[in-house]
Amino acid sequence: MATPLPMPKLGLTMEQGTILKWMKPEGAPVEKGEIILQIQTDKVEYEVESPDGGVLLKTLAGEGDAVPCGQNVAVIGRKGEDVSAFTGGAAPKAEKPAAPAPSRAEAQPAAPAPSAPVPQAPAGAPAAGGESAPPRDGRVFASPAARRVARELGMDYRTLKGSGPGGRIVQADVRAAAQSPGRTAGAPRVAAPPAPPAAATGPAAVAAKKPVAGMRKVIAQRMAASWSAVPRVTLQAEVDLTNLLAVREASRKAWEQDLGVKVSINDLILFYTARAVRRCPAVNVRLAGEEIHQMADVNLGIAVAVENGLMVPVIRGADQKPIDALAREARALAESARAGSLPLSALEGGTFTVSNLGAYGIDHFSAIVNAPESCILSVGAARERAVVREGQVVPRTTAWLGINADHRIVDGAPAAGFLSTLKDMLENPKVMPA
């Protein structure tokens with residue numbers, strides 16, 4: 001009997017998955033455990049294995065379709081086996097709507113438009129070829145309006161034959177002459193200014209196109225939702241990291257020999273950030289409907305750039321972990337994220353996120369709140385700068401840190417209190433933090 005392949009449920013919060021790619025076409029042989037499908041949840045991309053061996057008899061959803069968890073997306077079985085029993089509860093593949101048939105009226109060829117009547121040239125208009133009557137007695141009579149219009153049209157009204165009283169040239173004579181296809185007389189008195197070079201028009205050229213799908217689609221949706229729904233308060237402060245660097249250098253050898261771990265500046269910032277969040281619980285909250293939830297744990301999310309976008313794996317209980325454990329976990333999570341091997345559980349449960357763009361040479365920036373969390377910390381590049389201390393300009397290594405907070409539940413003062421606490425911790429670090 002054929003075996004259905006349902007959309008898997010990868011976590012408690014997962015309600016549906018999006019078909020990213022079918023690795024096999026219908027009718028292709030498959031083996032049990034073979035990867036036949038890639039799906040996208042709201043957190044990760046996931047490869048789905050075939051539950052049985054045989055032939056991929058039928059795919060019940062197309063690439064790009066969102067399918068509820070548990071609903072069948074394919075059927076595997078023997079070649080020629082009946083699959084009708086599995087197709088009833090599955091959503092049929094989306095079919096592109098057929099283009100509407102043209103109406104009968106539209107189907108009929110358009111009747112040729114009647115030719116426009118040829119306007120009769122008014123009396124006084126020059127004959128075809130631009131010939132005109134010569135001026136009488138050397139004088140040319142023309143109305144002021146005719147002269148004005150002639151100037152505007154760049155015509156010599158003296159070459160025209162007037163239709164007014166006594167052969168007077170009137171405005172209608174000038175305009176008729178201007179519309180005459182044989183107009184050659186009356187060359188413009190003033191040369192027209194040279195036309196400017198033609199500017200390029202139309203939309204900019206597109207070098208390549210790709211659909212907004214998969215992780216990029218999820219990121220786009222979540223960032224747009226956060227930006228439009230979360231009113232932000234943004235605070236930034238320059239933090240002196242000179243002492244922190246000195247502590248790291250003094251402890252580096254001991255950390256490597258005794259703990260077997262290399263501790264980076266980012267590890268130390270994560271270490272002290274987690275403790276500052278514990279000390280300032282007002283930034284460790286989230287809005288849930290009509291309630292504000294004070295989070296019991298400090299689960300630190302770390303923003304990691306990956307090939308196709310951005311992932312935020314979570315260090316759970318970060319404020320309770322010693323520096324070596326935290327450094328190891330942060331490094332392992334980042335490497336797994338870049339390798340695409342993060343389990344879904346590593347992306348859940350964050351309460352506060354840190355985004356560090358110092359490696360890209362960015363001094364300061366404003367990160368978007370990772371909803372439903374209420375706050376995100378941005379970390380800029382550590383640089384040696386000239387700083388005034390006790391009236392003297394001295395070199396110090398500083399970095400800009402910022403906090404973006406959901407102003408619905410975190411006011412500026414608590415956010416400032418957190419940033420001040422973190423600044424104090426980083427500028428006056430303990431020797432050998434543990």
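Strand 6 (residues 54-59) and strand 8 (residues 72-77) are paired in the antiparallel sense over four bridges; strands, with at least two residues (E), and helices, with at least four (H or I), are DSSP runs numbered from the N terminus, and two strands pair if DSSP finds at least two bridges between them. Within this pairing, Leu-56 stands opposite Ile-76 in strand 8. The model is predicted, with local features requiring pLDDT of at least 70 and side-chain atom pairs counting only at pLDDT 80 or more, while totals for chains, interfaces and linings use all residues. Residues are numbered from 1 along each chain as its sequence is written, and side-chain values use heavy atoms, with hydrogens and water left out.

An open sheet is formed by four strands in the order 1-8-6-3, with antiparallel pairing. Strand 1 (3-6) and strand 3 (29-30) each have a single partner strand and stand at the edges, so one side of each is left without a neighbour in the sheet.

Parallel pairing is found around strand 16 (residues 352-356). Strand 12 (residues 300-302) pairs with strand 16 in the parallel sense over three bridges, and Gly-301 has Thr-353 of strand 16 as its bridge partner. Strand 16 also pairs with strand 17 (residues 375-379), again in the parallel sense, over four bridges; here the bridge partner of Val-354 is Leu-377 in strand 17. Four of the five residues of strand 16 are buried, and the strand is thus mostly covered; buried denotes under 20% relative accessible area, exposed over 50%, and partly exposed the range in between (1.4 Å probe, protein chains only).

The loop between strand 16 and strand 17 contains Pro-372, which is joined to Ala-371 by a cis peptide bond with omega of about 10°. Another backbone feature is the positive phi of about 50° at Glu-390, although this residue is not a glycine. Glu-390 is placed in the loop between strand 18 (383-389) and strand 19 (392-406), and it counts as exposed because its relative accessibility is 83%.

Helix 8 (residues 323-339) includes Ala-334, which counts as buried because its relative accessibility is 12%. Ala-334 and Val-304 are separated by 30 residues in sequence and by 6.2 Å in space, C-alpha to C-alpha.

For helix 9 (residues 412-427), the 16 residues at 1.5 Å a residue should span 22 Å, which agrees with the 22 Å between its end C-alpha atoms; the expected span is 1.5 Å times one less than the number of residues. Its buried residues include Phe-418, Leu-419, Leu-422 and Leu-426. The buried residues of helix 9 pack against strand 9 (232-240), helix 6 (242-259), helix 7 (265-279), strand 16, strand 17 and strand 19.

The largest nonpolar core has 59 residues, of which Phe-352, Leu-377, Leu-401, Phe-418 and Leu-426 touch the most other members. Such a core is a set of buried Ala, Val, Leu, Ile, Met, Phe, Trp, Tyr and Cys residues joined through side-chain atoms within 4.5 Å. Helix 7 supplies the largest share of this core, nine residues. Apart from it lies another core of 16 residues, including Ile-19, Ala-61, Val-67 and Ile-76. With neighbours within four places in sequence left aside, the contacts (heavy atoms within 4.5 Å) of Leu-401 include Leu-235, Val-239, Leu-377, Leu-419, Leu-422 and Leu-426.
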